[in-house]
Amino acid sequence: MELALAEARAAAARGEVPVGAVLIGPAGEVIAAAGNRTRELSDPSAHAEMLVIRAGAARLGSERLIDHNLYVTLEPCPMCAAVISFARIRRLYYGAPDAKGGGVEHGPRVFSHPTCHHRPDVYPGLGEHEASAILKDFFAVRRPDS
C-alpha cells in the first residue's frame with residue numbers, strides 16, 4: 001500500500017485527484033503502479049486502477065489477471081470494480097471508503113450482484129487514514145468552503 005500511497009501523492013502533485021494503485025503478481029512482484037491521469041490524458045477512464053490493469057494485461061499478454069492482487073488508496077468506483085471483476089483480480093485491498101462514488105462497499109456494490117462474473121476477496125481500510133488525509137488535503141485547497 002505504501003507504493004499506492006506514493007502514487008496518490010504524485011497524482012496530487014500533477015493536479016489529479018490523488019488516487020494510486022499497484023498491481024502485484026503471484027510471486028509478490030510489482031507488475032504495474034500508477035496514479036490517476038484523467039486530466040493529463042483527457043480520458044475519464046484513466047483511473048489508477050484502470051491504468052494498472054491495462055498495463056498488467058499488456059505486460060502479461062492476457063486480459064485475465066488471475067492470482068494478482070490490487071492495492072488502491074480509494075474504494076474503486078463502479079467502472080473500476082467491473083473491470084476488476086472482468087480481469088479476475090484475486091484480492092482487492094483499498095484504503096479510504098468512498099460513500100459518494102464507490103462501487104464496492106457503497107453505491108451499486110458491483111461484486112454483490114448475482115450477475116457479477118468474478119468476486120475478488122475484498123480487504124477495505126488498509127492505509128485508510130493516510131489515504132483519507134491525502135484526499136482531504138487535496139480537496140481542502142480546491143474546495144475551501146466544503
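A crossing of two helices is left-handed if the near helix is turned anticlockwise from the far one by less than a right angle. The exercises below use a predicted model.

**Exercise 1. Describe how helix 3 and helix 4 pack: at what angle, how far apart are their axes, and with which hand do they cross?**

Solution.
Step 1. Two packed helices are described by the angle between their axes and the distance between the axes.
Step 2. Here the angle is about 25 degrees, and the axes of helix 3 and helix 4 are 9 Å apart.
Step 3. Angles under 35 degrees count as roughly parallel. Helix 3 and helix 4 are therefore roughly parallel to each other.
Step 4. Their crossing is left-handed.
Step 5. Helix 3 brings Glu49, Met50 and Ile53 to the contact, and helix 4 brings Met79, Cys80, Val83 and Ile84.

**Exercise 2. Find the residues of helix 3 that are buried, and say which elements they pack against.**

Solution.
Step 1. Start with the helix itself. Helix 3 has 13 residues. From first C-alpha to last, helix 3 reaches 18 Å, close to the 18 Å expected at 1.5 Å a residue.
Step 2. List its buried residues: Ala48, Glu49, Met50, Leu51, Val52, Ile53, Gly56 and Ala57.
Step 3. Now look around them. The buried residues of helix 3 pack against strand 1, strand 2, helix 2, strand 3 and helix 4.
Step 4. Look just past the end of helix 3. Glycine 61 has a positive phi of about 70 degrees there.

**Exercise 3. Is leucine 51 buried or exposed, and which residues does it contact beyond four places in sequence?**

Solution.
Step 1. Locate leucine 51 in helix 3.
Step 2. Its relative accessible area is 16%. Buried means under 20%, so leucine 51 is buried.
Step 3. Leave aside neighbours within four places. Leucine 51 then contacts Ala34, Gly35, Arg37, Leu41 and Ala46.
Step 4. Check a distance. Asparagine 36 is 15 residues from leucine 51 along the chain, and their C-alpha atoms are separated by 8.0 Å.

**Exercise 4. Which residues have the most contacts inside the largest nonpolar core, and which elements give two or more residues to this core?**

Solution.
Step 1. In soluble globular proteins, nonpolar side chains tend to be buried together.
Step 2. The largest nonpolar core in this model has 37 residues. Leu70, Leu92 and Phe111 have the most contacts inside it.
Step 3. The elements giving two or more residues to this core are helices 1, 3, 4 and 5 and strands 1, 2, 3 and 4.
Step 4. Take Phe111. Beyond four places in sequence, the residues it touches include Ala81, Ile84, Leu92, Val104, Cys116 and Val122.

**Exercise 5. Compare serine 42 and arginine 109: where do they lie, and what is the phi of each?**

Solution.
Step 1. Most residues other than glycine have a negative phi.
Step 2. Serine 42 has a positive phi near 50 degrees. Its place is in the loop between helix 2 and helix 3.
Step 3. Serine 42 is exposed, at 65% relative accessible area.
Step 4. Arginine 109 has a positive phi near 45 degrees. Its loop runs between strand 4 and strand 5.
Step 5. Arginine 109 is partly exposed, at 42% relative accessible area.

**Exercise 6. State how helix 1 and helix 5 are arranged, and which residues make the contact.**

Solution.
Step 1. The axes of helix 1 and helix 5 come within 10 Å and cross at roughly 5 degrees.
Step 2. That makes helix 1 roughly parallel to helix 5.
Step 3. Glu2, Leu5, Ala8, Arg9 and Ala12 of helix 1 make the contact with Glu130, Ala131, Ile134, Phe138 and Arg142 of helix 5.

Conventions: Residues numbered from 1 in each chain as written. Predicted model: local features only at pLDDT ≥ 70, side-chain atom pairs only at ≥ 80, totals over all residues. Heavy atoms only, no water. Core = buried A, V, L, I, M, F, W, Y, C linked by side-chain atoms within 4.5 Å. Buried < 20%, exposed > 50% of the residue type's maximum accessible area, 1.4 Å probe, protein only. Helix = DSSP H or I, 4+ residues; strand = E, 2+ residues; numbered from the N terminus. Contact = heavy atoms within 4.5 Å. Expected span 1.5 Å × (residues − 1). Axes fitted to C-alpha atoms, helices over the stretch in contact; angles between N-to-C directions. Parallel < 35°, antiparallel > 145°, perpendicular 65-115°, else oblique.
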